[in-house]
Amino acid sequence: MNDEIFMKEAIRLSQLAVSHGNEPFGAVLVKDGEIIFSNENQIYTGSDPTFHAEAGLLRCFCAETHITDLREYTLYSSCEPCFMCCGAMVWTKLGRLVYGASDIDLCSILHEKGAECCKIVFEHSPWKPQVTSGVLRDDSLKILTAYFSKNTKG
C-alpha cells in the first residue's frame with residue numbers, strides 16, 4: 001500500500017533527525033504518488049522550538065514554491081502532529097494527513113496526558129483534512145520509545 005511506502009520515509013526521516021541532534025519526528029509531502037518535499041524535526045539544530053517536522057515542512061515548501069493551497073497533497077508524519085502543526089495544515093488547506101503513532105501513544109511514553117490533537121483542531125476549524133491514523137504505528141513507536149527512554153521532550 002502506498003501509505004506504508006511514504007510512512008516508511010517519514011519514519012526514516014525521524015531516525016535521521018535523531019542522528020542530527022533533534023527529536024525523532026519526520027514528515028513527507030506527497031502529490032500524485034510522488035514525494036514532493038520532506039523534512040525532519042529541527043528544533044535543536046535550528047534553535048527554533050517551532051521547527052517541528054510538519055510545520056517546518058509546510059513553511060519551507062510554501063516559501064520555496066509559492067504554493068499555499070495544499071488540498072491536492074497528502075502529508076505523512078511519523079507521529080500525530082501537535083496543535084501548532086495541525087493549525088498550519090488548516091491554514092494551508094492540506095488535503096490529507098496520514099500519521100503513525102498518536103499523541104496519546106507519545107504522551108504515554110513521556111508519562112504525560114495526551115490528546116487527540118488532530119481531532120480537536122480539525123473539528124473546530126474551517127478546513128478539515130482527511131485523516132488516516134496508525135500507519136506503521138509500531139515502527140514509529142520503537143523510535144519514539146528508544147529516544148525518549150534516554151531524552152526528555154523539548
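Me: Is F25 buried or exposed?
Reply: F25 is buried, at 8% relative accessibility. Buried means under 20% relative accessible area, exposed over 50%, partly exposed in between, with a 1.4 Å probe and protein chains only. This is a predicted model, where local features need pLDDT of at least 70, side-chain atom pairs count only at pLDDT 80 or more, and totals for chains, interfaces and linings use all residues. Residues are numbered from 1 along each chain as its sequence is written, and side-chain values use heavy atoms, with hydrogens and water left out.

Me: How many aromatic pairs are there?
Reply: Five aromatic pairs. The rule takes rings of Phe, Tyr and Trp (its six-membered ring) with centres within 6.5 Å; planes under 30 degrees apart count as stacked, over 60 as edge-to-face and the rest as tilted. One of them is F25 with F148, a tilted pair at 6.3 Å centre to centre and 45° between the planes.

Me: Which parts does the pair of F25 and F148 tie together?
Reply: F25 is in the loop between α1 (2-19) and β1 (26-31) and F148 is in helix α6 (residues 137-148), so the pair joins parts 123 residues apart in sequence. Helices (H or I, at least four residues) and strands (E, at least two) are DSSP runs, numbered from the N terminus. F148 is buried too, with a relative accessible area of 8%.

Me: What about F37 and F61?
Reply: F37 and F61 form an edge-to-face pair, 5.6 Å centre to centre with 70° between the planes. F37 sits in strand β2 (residues 34-40) and F61 in helix α2 (residues 53-65), 24 residues apart. Both F37 and F61 are buried.

Me: Which residues do ring pairs link into a cluster?
Reply: F25, Y147 and F148.

Me: What share of the residues is buried?
Reply: Buried residues make up 51% of the 154 residues.

Me: What are the box dimensions for the C-alpha atoms?
Reply: Roughly 40 × 35 × 30 Å, taken along the principal axes.
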